[in-house]
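Hello,

Here is the structure I promised to pass on to you. Have a look at it, then read my notes below.

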Amino acid sequence: MQTIVIPLVPDLPRLLDAPPADTSWVITATLLAGAVATPVMGRLGDMYGKRRMLLLSLGLLICGSVVGALSDSLVPMLAGRTLQGLAAGVIPLGISIMRDELPAHRLGSATALMSASLGIGGALGLPAAAFLAERVDWHVLFWGAAGAGVVAAVLVLLLVPQSRMRSGGRFDVPGALGLSTALVCLLLAISKGADWGWTSATTLGLFAAAAVVLVLWGAWERRTPRPLVDLRTLARRQVLLTNLASAVFGFAMFAMSLVMPQILQLPEATGYGLGASMLTVGLVMGPSGLVMMAVAPVSAHISRTKGPKATLMAGALVVAAGYGLGTVLMSAIWHLVLVSAVIGAGIGLAYGAMPALIMAAVPVSETAAANSLNTLMRSIGTSVSSAVAGVVLAQMTTTIGGTAFPAENGFRVVMAIGACAALAALALAAFLPGRTAAAPPARDDADRTAPAATPAAG
């Protein structure tokens, strides 16, 4: 869902009969909706059933895809993309269901693959979307997404059991509204700051509003008996450092997605652009998704034998090495395939370790909420990465034939920043507690069938 509209971005103003500044909201709407939905769905999953919330998320995805498929103007398209974004909680919900249902010997590799699918889906989805966008009517992209959502929902109904592990209680509506407001203000300022001006009253006002609302939200969450986010759990060393490392790692990961498509598509007249089509871009980026998939079992093995801390550190080091290669290898298509594959290997290692670190430090009743916040931290990191890269590339330009293009050194600077971010994640991971179990023991069959103890609603 994140990559489905990327091949359409240059044509959206014509397709939707709207100015480019307005069609950029087709990307932003999904980002904001996903940021709001991820922690809310996670908490609701812990309280009322993860499978139920998973099906609700897939239902929103299907509805949003159908609305997008029927759209020919901006407003319904934005509505559809918002509904698609509200399905973003499927990854943390899926990881949490695995913790409830899988035996211990399968849990590590399963959660590693599920977590890595955040990168796999985007890497493999881009060439598929580009292929369809070049050869069929663009509405087919959304009909295909709706069909995939239906298939996923049917498979969940047939194959995924309903976990009895529920915390119950009353949902923290003020906490959800407060966190959603803060996230929307923060991500809106980050994603639109370059368009509005980083020192404009709108951008600075949104940053200030996010800070104030977060302070008030934190005060509320500390006082309420059933908070949306248990700040005491969030402040645990292992959870806090893993979330910080995830945000920094999300920053590092996304730099690749911002640099390589532009290098590939810039005209050859620049001297460093490769003049490739969007389909070629997708095919170059696609192998990184396959590498992530292949590395997920390796990530689980390292976590099982050395601990997930070692896996996260190894992943950060591999990503830093990949960006280091990228600063010197960017003049041929095979260079970029190699660089994206190395970075993909690092992402697969690190993303597999993050849920293991989180689940080892939180009680079963908070699994979905904790994984959702970890996923959210990665999304915030990618949003900041996009903003920083945009500023760098806007400042470092070269003019050819009266047209300004991002300079070659600008791309090298963004890759160097990505390498530094990966090393920062490595440093944060180094302060995690020593050897940690890759995952907590799975419940036995008797536990699975026994009714869950549901606390009284407070």
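What follows covers the aromatic pairs and then the cavities.

This is a predicted model, in which local features need pLDDT of at least 70, side-chain atom pairs count only at pLDDT 80 or more, and totals for chains, interfaces and linings use all residues. Residues are numbered from 1 along each chain as its sequence is written, and side-chain values use heavy atoms, with hydrogens and water left out.

The whole structure holds 3 aromatic pairs (ring centres of Phe, Tyr or the six-membered ring of Trp within 6.5 Å; planes under 30 degrees apart are stacked, over 60 edge-to-face, the rest tilted). One of them joins Trp 138 and Phe 142 edge-to-face, with 6.1 Å centre to centre and 85° between the planes. Phe 142 is buried at 0% relative accessible area (buried means under 20%, exposed over 50%, partly exposed in between, with a 1.4 Å probe and protein chains only).

Another pair, Phe 249 with Tyr 351, is tilted: 6.1 Å centre to centre and 50° between the planes. Phe 249 sits in helix H12 (residues 237-265) and Tyr 351 in helix H15 (residues 333-359), 102 residues apart (helices are DSSP runs of H or I, at least four residues, and strands runs of E, at least two, numbered from the N terminus). Both Phe 249 and Tyr 351 are buried. Arg 378 lies over the face of Tyr 351, 4.3 Å from the ring centre (CZ of Arg or NZ of Lys within 6 Å of the centre and within 35 degrees of the ring normal).Finally, Phe 251 and Ser 385 are among the residues lining the largest cavity (points of a 1 Å grid over the protein atoms alone where a 1.4 Å probe fits but cannot get out; lining residues have an atom within 4 Å of a point).

Best wishes

How values were computed. 1 Å grid on protein atoms, 1.4 Å probe; cavity = no way out; pocket = protein on both sides within 12 Å on 5 of 7 lines; lining within 4 Å.
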